[in-house]
Amino acid sequence: MTQPAGVAPPIAAFFATIGFAALAICGFGFTSLLTDTDVIAAPGLGQGAGIVAMLLSAVAFAGTEYGAVRRARFPSAGWVMIATVAAYLAGIVFGGLVPGADVALSVSAAGEFSLSWYALVLAVTSAVAAWAGIALRRTRARRPEWPWEHEEEDE
């Protein structure tokens with residue numbers, strides 16, 4: 001009986017995406033707590049910019065991670081990271097424009113974010129989660145088994 005070559009690509013990408021979102025939100029929370037700053041510190045943008053940015057980055061992560069998992073090459077995690085950060089920045093701009101904020105305010109908020117600790121947290125969490133998804137696909141591990149599951153093989 002041959003074992004599959006790892007976790008199926010859609011499942012690995014799904015788990016990596018959930019892990020990315022959880023790590024990013026947790027990382028943003030701790031960074032905000034430690035630096036005593038807001039993730040997006042632009043009065044007038046509201047919470048919509050952050051929500052749209054996180055949703056857009058998660059969608060970008062999921063799409064690029066699926067491709068990376070299918071190729072199962074660890075350097076692909078870098079491309080996933082770049083796409084995720086770019087999508088978050090685009091999400092800040094788009095999320096700021098939806099409620100009617102000024103274009104310059106939205107773009108400056110994205111620029112400020114890109115130079116903050118939060119951008120580093122986002123980049124690291126997306127790279128780590130992408131790497132973990134690729135590792136899930138590449139693993140050759142077998143499912144855990146109890147000792148009595150091998151009784152018929154011992155005879």
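What you're looking at is a predicted model, where local features need pLDDT of at least 70 and side-chain atom pairs count only at pLDDT 80 or more, while totals for chains, interfaces and linings use all residues. Residues are numbered from 1 along each chain as its sequence is written, and side-chain values use heavy atoms, with hydrogens and water left out.

View A. The protein has 6 helices and 0 strands, where helices (H or I, at least four residues) and strands (E, at least two) are DSSP runs numbered from the N terminus. Its radius of gyration is 20 Å, well over the 15 Å that the globule rule gives for 155 residues, so the protein is more spread out than a compact globule. That radius is taken over C-alpha atoms, and the rule is 2.2 Å times the number of residues to the power 0.38. Along its principal axes, the C-alpha trace spans about 75 × 30 × 25 Å. Of the 155 residues, 34% count as buried; buried means under 20% relative accessible area, exposed over 50%, and partly exposed in between (1.4 Å probe, protein chains only). Take the contacts with a separation of 6 or more: 84% of them come from residues 24 or more positions apart, with contact meaning heavy atoms within 4.5 Å.

View B. Ile11, Phe14, Phe15, Ile18 and Leu136 make a nonpolar surface patch of about 480 Å². Patch residues have over 30% relative accessible area and no salt bridge; like charges are joined within 9 Å, and nonpolar side chains (Val, Leu, Ile, Met, Phe, Trp, Tyr) within 5 Å. A salt bridge here is a side-chain nitrogen of Lys or Arg within 4 Å of a carboxyl oxygen of Asp or Glu. Helix H1 (residues 9-35) gives the largest share of the patch, 4 residues. Leu136 sits in helix H5 (residues 117-138) and counts as partly exposed because its relative accessibility is 31%.

**View C. Thr31 and its contacts.** Thr31 belongs to helix H1 and, at 11% relative accessibility, counts as buried. Leaving aside neighbours within four places in sequence, Thr31 is in contact with Asp36, Trp117, Tyr118 and Val121. Thr31 and Tyr118 are 87 residues apart in sequence, yet 6.9 Å apart in space, C-alpha to C-alpha.

**View D. An aromatic cluster.** Phe28, Tyr88, Phe113 and Tyr118 are linked into a cluster by ring pairs. Rings of Phe, Tyr and Trp (its six-membered ring) pair if their centres lie within 6.5 Å; planes under 30 degrees apart count as stacked, over 60 as edge-to-face and the rest as tilted. By this rule, the count comes to 8 aromatic pairs.

**View E. Two loop residues with positive phi.** Asp36 has a phi near 55 degrees, a positive value in a residue other than glycine. Asp36 lies in the loop between H1 and helix H2 (48-71), and at 72% relative accessibility counts as exposed. Ala72 also has a positive phi, near 55 degrees. Ala72 is in the loop between H2 and helix H3 (76-97), and is buried, with a relative accessible area of 18%.

Notes
Accessible areas come from the Shrake-Rupley method with a 1.4 Å probe; for residues, only the protein chains shown count as cover.
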